[in-house]
Amino acid sequence: MQPVYSQLLSSYSINDQVNMHQVGGHEFKIACQYEYQQSYVRAQFWYQTAAKKGHSQAQNNLAVMYALGRVEDAAPLDALDWLLKAAAQGDVKAESNLNCLQISNEALGKQSFVI
């Protein structure tokens, strides 16, 4: 997969306020710490755990990791799916990220994003 390098995609960091009221908040904090340490496989595990529980910030960050190709099993459709789920919950960064992504049929065949 060709990674996407862009300053347009926005994710949450360990310095951002975490929505601890959503289920998966603790897992999200753990994932942010691993991503900060550039341990992307571990971060992916914890983001997936929180995202599957419905944590919108984790859904956004997981999508950004996939879009940037930080994990091997990343796919554009998976990233888009997680962004749509986060945006449906009103996550502002996910909504902004959706506006930055433009996916063409050709890009999907090559497993990459066009920004």
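1. Helices here are DSSP runs of H or I with at least four residues, strands are DSSP runs of E with at least two, and both are numbered from the N terminus. On that basis the chain has six helices and zero strands. Read along the sequence, the pattern is α-α-α-α-α-α.

2. The model is predicted: local features need pLDDT of at least 70, side-chain atom pairs count only at pLDDT 80 or more, and totals for chains, interfaces and linings use all residues. Residues are numbered from 1 along each chain as its sequence is written, and side-chain values use heavy atoms, with hydrogens and water left out.

3. Of the 115 residues in the chain, 43% are buried. Contact means heavy atoms within 4.5 Å. Among contacts between residues at least 6 apart in sequence, 58% join residues at least 24 apart.

4. Helix α1 covers residues 25-36. Its 12 residues reach 17 Å from first C-alpha to last, close to the 16 Å expected at 1.5 Å a residue; the expected span is 1.5 Å times one less than the number of residues. The buried residues of α1 are Gly 25, Glu 27, Phe 28, Ala 31, Cys 32 and Glu 35. Seen down the axis of α1, these buried residues fall within an arc of 150 degrees, so they line one face of the helix. The arc is taken over the directions from the helix axis to the C-beta atoms. The buried residues of α1 pack against α2 (40-52) and α3 (56-67). After α1 comes Gln 38, with a positive phi near 60 degrees.

5. Helix α4 has 13 residues and reaches 18 Å from its first C-alpha to its last, close to the 18 Å expected at 1.5 Å a residue. Pro 76, Ala 79, Trp 82, Leu 83, Ala 86 and Ala 87 are buried in α4. They cover an arc of only 135 degrees around the axis, which puts them on the same side of α4. Leu 77 and Ala 88, on the other side of α4, are exposed. α4 is followed by Gly 90, whose phi is positive, near 90 degrees.

6. A nonpolar core is a set of buried Ala, Val, Leu, Ile, Met, Phe, Trp, Tyr and Cys residues joined through side-chain atoms within 4.5 Å. The largest such core has 22 residues, and those with the most contacts inside it are Phe 28, Tyr 47, Ala 58, Leu 62, Tyr 66 and Trp 82. At least two residues of this core come from each of α1, α2, α3 and α4 (76-88).

7. Rings of Phe, Tyr and Trp (its six-membered ring) pair if their centres lie within 6.5 Å; planes under 30 degrees apart count as stacked, over 60 as edge-to-face and the rest as tilted. The structure holds two aromatic pairs. Phe 28 and Tyr 47 form a tilted pair, 5.9 Å centre to centre with 45 degrees between the planes. Phe 28 lies in helix α1 and Tyr 47 in helix α2, so the pair ties together parts that are 19 residues apart in sequence. Both Phe 28 and Tyr 47 are buried. The rings of Phe 45 and Trp 46 have centres 5.0 Å apart and planes at 85 degrees, so that pair is edge-to-face. Phe 45 counts as partly exposed at 47% relative accessibility, and Trp 46 counts as partly exposed at 25%.

8. A charge sits over a ring if NZ of Lys or CZ of Arg is within 6 Å of the ring centre and within 35 degrees of the ring normal. The charged end of Lys 85 sits over the ring of Trp 82, 4.5 Å from its centre.

9. Gln 59 is in helix α3 and counts as buried, at 4% relative accessibility. Leaving aside neighbours within four places in sequence, Gln 59 is in contact with Ala 51, Gly 54, Trp 82, Lys 85, Ala 86 and Gln 89.

10. Gln 48 is found in helix α2. With neighbours within four places in sequence left aside, Gln 48 is in contact with Leu 62 and Tyr 66. Ala 88, in helix α4, is exposed, with a relative accessible area of 69%. Ala 88 and Ser 56 are 32 residues apart in sequence and 8.9 Å apart in space, C-alpha to C-alpha.

Conventions: Buried < 20%, exposed > 50% of the residue type's maximum accessible area, 1.4 Å probe, protein only.
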